[in-house]
Amino acid sequence: MTGDGSNSNVSAPPSILVDHVSRWFGSVVSVADISFEVQPGITGLLGPNSAGKTTLLRMICGLAGVSEGTVRLLDQPVRNNPSIYKRVGVMSEHEAVYGFMNGRDFVKFEAKLRGVPDPKAATDEAISYVGLEHAADRPMGTYSRGMRQRMRLAATIVHKPEVLLLDEPLNGTDPRQRIQFQALLRELAAEGKTILISSHILEEIEQLADTVLLIVAGKLAASGDYRAIRAKLNEQPYHIKIISDKPRDLASLIVGMEAMDAVNVDSDGGLIVLTRDLLRLQRELPKLAQAGNIRLLRVEPLDDSLESVFGYLVG
């Protein structure tokens, strides 16, 4: 699936340029004054649900206009510019497949829409690339979620685009399916493609992208190298709720541990622990409970949403 994308010319303009872009719907601001550049490789667009990721992707591919600012794709304007559409592949979050249509016809239909000179050959190549030749003539309604996502990816790359915009492509896939899909994206990135992939799951982006854009409440909270941003996120203390048969006894033991910022008993008798060393708490908590003859009933994180993890970056 070798395309025209290349990262050999470091002086070339960015594949995607978003310059002070805002988008509002009436009095509701969906995206607020966002600026960034995307180069070839895999860039993660990370943020909680309703953060503005889908709206941003729609503006980048030209499906939606901007209220303010400028979007350029491959150094061209995107809105009402049909010539650029042949150079970009878009995979939306919501499945747009007919269950009765087989995979081969689905991909070939996209090839024809894109004006590919030899739709049959391009379809065969794209399906082979995602490893679904054995299922190409089966109705897509019989596919697993992971197979449908891979066949949708085949339709997205059938015209060999230079830029791929993928909106939550791993939603609903199991671990094995995610591994397969991630391997395909790494191969495409190695060929020089520019891939912008949105997700609300930290681990997905960590495994795929070195460069990350964090979007929260329509704003760009942070951007850059994933490891640096992850280190910054790890500075944020974690809230953990612990249910036991002796909460006050357990609280007195936890208070003496290092890196515990606070321990409180809530209204239902559970402990709310604020810690900057989650691994230490996970390691020491069973030992403390055993030593105090305390029965642990439940341990659950309260910071399991991106809103809570990223909120301080915006605030």
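Predicted model: local features only at pLDDT ≥ 70, side-chain atom pairs only at ≥ 80, totals over all residues.
**Entry: Leu 279**

I began with Leu 279 and found it in helix α10, which covers residues 278-291. Is Leu 279 buried or exposed? Its relative accessible area is 59%, and exposed means over 50%, so I noted Leu 279 as exposed.

**Entry: helix α10**

Next I checked the length of α10. Its 14 residues should span 20 Å at 1.5 Å a residue, and the end C-alpha atoms are 20 Å apart, which agrees. After the helix comes Asn 293, which has a positive phi, near 55°.

Which residues of α10 are buried? I listed Leu 281, Leu 285, Leu 288 and Ala 289. Their cover includes the helix α9 (247-255) and the strands β11 (238-244), β12 (260-265), β13 (271-275) and β14 (296-301).

**Entry: the cores**

I then turned to the largest nonpolar core, which has 46 residues. The members touching the most others are Ile 42, Val 107, Met 151, Leu 153, Leu 185 and Ile 195. Helix α5 (residues 145-157) gives this core its largest share, six residues. Another core, of 26 residues, lies apart from it, and Val 38, Ile 60, Cys 61 and Val 163 are among its members.

Leaving out residues up to four places away in sequence, Val 107 touches Thr 123, Ala 126, Ile 127, Met 151, Ala 154, Ala 155 and Val 158.

**Entry: one distance**

Last, I compared Leu 279 with Ala 126: they are 153 residues apart in sequence, and their C-alpha atoms are 44 Å apart in space.

Technical notes: Residues numbered from 1 in each chain as written. Heavy atoms only, no water. Helix = DSSP H or I, 4+ residues; strand = E, 2+ residues; numbered from the N terminus. Buried < 20%, exposed > 50% of the residue type's maximum accessible area, 1.4 Å probe, protein only. Core = buried A, V, L, I, M, F, W, Y, C linked by side-chain atoms within 4.5 Å. Contact = heavy atoms within 4.5 Å. Expected span 1.5 Å × (residues − 1).
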